[in-house]
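Let's take a friendly walk through a protein model together. Have a look at the picture first, and then read on.

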Amino acid sequence: MGCPTLADLDRWLGALARTPVTARQSERIDRITALEKLKSAAAAAQARETVAFKKSRIADEHAAGVRLINQGRGVAGEIALARRESRYRGSRLVGLADALVSEMPNTMAALTRGDLSEWRATLVARETACLSVEDRREVDLRLAGRLASMSDAHLVAEARRHAYALDPYGFLNRGRRAAADRHVSSRPAPDTMTRVSALLPAAQGVAVIAALGREAERCRAAGDPRSRGQVMADTFVERLTGQTAADQTPVEIQLVMTDRSLFNLDPTPGLLHGYGPVPAPEARALLAGLDTPTKAWIRRLLTDPVTGRLAALDSHRRLFAHTRRRALIIRDQLCRTPWCGAPIRHADHAHHAATGGRTTEANGQGLCEACNYTKEAPGWQSKPDPAGGGGASVTITTPTGHSYTSRPPPLPGSEWSASLLPTEPLTQTPPHDDLTPMNCVA
C-alpha cells in the first residue's frame, strides 16, 4: 500500500467520527487499544513529514540565496501552526522528528508500529540528547524490543543508565549546562490562585524546600494555627518580598472591569492582568483591599460599554511605548500567535512600521520573542484587519500559503463576556459584596 493521500486521511478522519458504538465491552477495549496504536503511527508519520518538509524548505531557501544562518528559520513556526502548538513546542517537535528519523531507527520503528507513544519517544530522545550520533544509536539499539513494556519512569531510568555508561563525561557536562536554564515562572491556578515555580539546580531546590520546612516546623511548634503548607507559602512570599507578613505586600494591580461590575449591577467577571478572569466580587474586593491591609495601587482601564474594547490609541511614533505598550499587553494578555500562549515580550506592528505600518491599536499585537522573530523569516506575512475580531484581527500567512487568524481575547463588557452571565438573577450575595466606588483606592 502506498503513502496515503490527503484525501485518504480526510476519509479516515470521517470514518473515526462515525465509529459505531458496540454493546460488547471487550470490543470497546480492543478499539481503544487500536486507536492508541493509530495515534502513535500518526505521530511517526508526522515526524517523517516534518523532516521532509524541513529539508525541502532549506533546499528552496538555499537555491533562493537566503543566508545560511536564516535558512529554515521559520520551519518550527510553521510546524507549530500546523499542529496547533506553541512556537516553543514546535521547535521541540522538529528536533524530535530529526532525532527519530535520522538517529533512532528502533525507537522510530516502535512508534510506527504503535508500540510506543509519542511522549515516550520524546523521553528517550531527551535522555540521549547529550550523546554523539553513534552513542545515541547504541542506546536506541539496547532499548529495542523493550520499549513497549516499560513505564515512563523505567524508560527514563534505562535511557539515562545507558547514556551515562556510554559517555559519563558528556552526561555530567549536560547536567552542568542545565544550570544555565534556571528560571522562575508563574501560571494561573483555579480559584483565583497563582502557581509560582522555579527550575533550580538540585542542591538549591532541596535547600529552598528544607529552609521553608524548618521555618514551618518552628512556627507550628510555637503554636501557629496555620498548616505546614500555609506557613511555607507565607514564608516564601515574605522572604522574597522582604515584608514582615505575606499579606502586606504592596502591589500595583492592572484590573479591567465594566462600570456595571464595579457598581455591583451585574456579575460580569473582571480581568486581572497576569492572571486572567476573576469573579466580579473578587475584583471589587481587590479594589477595596478587603482581603489585605496592604495599600493596593489600582490602574483603572476603560473599556467601551458595548464592544468591551480598550480605548483606541494612535501615535506617530514608531514604537509602542509606555502607556500604549501597557494597554496593548493588557488587551492581548498572552502572545497573539494562535496556540502559543507564551508571555508577551514584544509590542509588534502587524504591518511593519518600516513599510508604512502605523502605531495604532488595530495594527498592534503582543508577541513572545520567538514568534516575533519567526514572522521575520522569508515568506511570512501578517496583515491587520481593523474591522474584525474586536478591531484588531491579524491574519498570518506562512510561506506555503496557509493562513491563520489571530484575534485578541475578549475583555469584560464584550458580547462574549456578556454571554457568560447567568440567565437567572443571583439569589445570594457573596461575602464582602457591599462595595461601592467610595471604598476603592484610585
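Before we start, one term: two residues are in contact when they have heavy atoms within 4.5 Å of each other. Please also keep in mind that this is a predicted model.

## The whole chain

The protein chain contains 16 helices and 13 strands. Of its 442 residues, 35% are buried. Its accessible surface comes to about 26,400 Å², and carbon and sulfur atoms account for 56% of that.

Now think about contacts between residues at least 6 apart in sequence: 54% of them join residues at least 24 apart.

Which residues have the most contacts inside the largest nonpolar core? They are Leu100, Leu116, Val124, Leu143, Leu147 and Leu155, in a core of 25 residues. Several helices supply at least two residues each to this core: α2 (25–63), α4 (87–103), α5 (105–113), α6 (118–127), α7 (133–143) and α8 (152–166).

Let's zoom in on Leu155. Setting aside its neighbours within four places in sequence, Leu155 is in contact with Leu116, Arg120, Val124, Leu147 and Met150. Leu116, Val124 and Leu147 are also among the core residues with the most contacts.

## A nonpolar patch outside

Nonpolar residues can also be found on the surface here: Leu6, Leu9 and Trp12 form a patch there, with about 330 Å² of accessible area together. Trp12 belongs to helix α1, which covers residues 6–17.

Why does Trp12 count as partly exposed? Its relative accessible area is 43%, and the partly exposed class lies between the buried limit of 20% and the exposed limit of 50%.

Asn372 sits in helix α15, residues 369–374. Is Asn372 buried or exposed? Asn372 counts as buried because its relative accessibility is 12%, and buried means under 20%.

Leaving out neighbours within four places in sequence, Asn372 is in contact with His346, Asp348 and Leu367. His346 is 26 residues away from Asn372 along the chain, yet their C-alpha atoms are separated by 7.2 Å.

## A hairpin of two strands

Strands β12 (residues 393–397) and β13 run antiparallel and are joined by 4 bridges. Together the two strands form a hairpin with 5 residues between them, and Gly401 in the turn has a positive phi of about 90°.

In a regular strand, side chains alternate between the two faces of the sheet. Strand β13 (residues 403–406) has Tyr404 and Ser406 on its covered face, while Ser403 and Thr405 are on the uncovered one.

Conventions: Residues numbered from 1 in each chain as written. Predicted model: local features only at pLDDT ≥ 70, side-chain atom pairs only at ≥ 80, totals over all residues. Heavy atoms only, no water. Buried < 20%, exposed > 50% of the residue type's maximum accessible area, 1.4 Å probe, protein only. Areas by Shrake-Rupley, 256 points an atom, 1.4 Å probe, with all protein chains shown as cover. Core = buried A, V, L, I, M, F, W, Y, C linked by side-chain atoms within 4.5 Å. Patch = residues over 30% accessible without salt bridge, like charges linked within 9 Å, V, L, I, M, F, W, Y side chains within 5 Å. Salt bridge = Lys/Arg side-chain N within 4 Å of Asp/Glu carboxyl O. Pairing = 2+ DSSP bridges.
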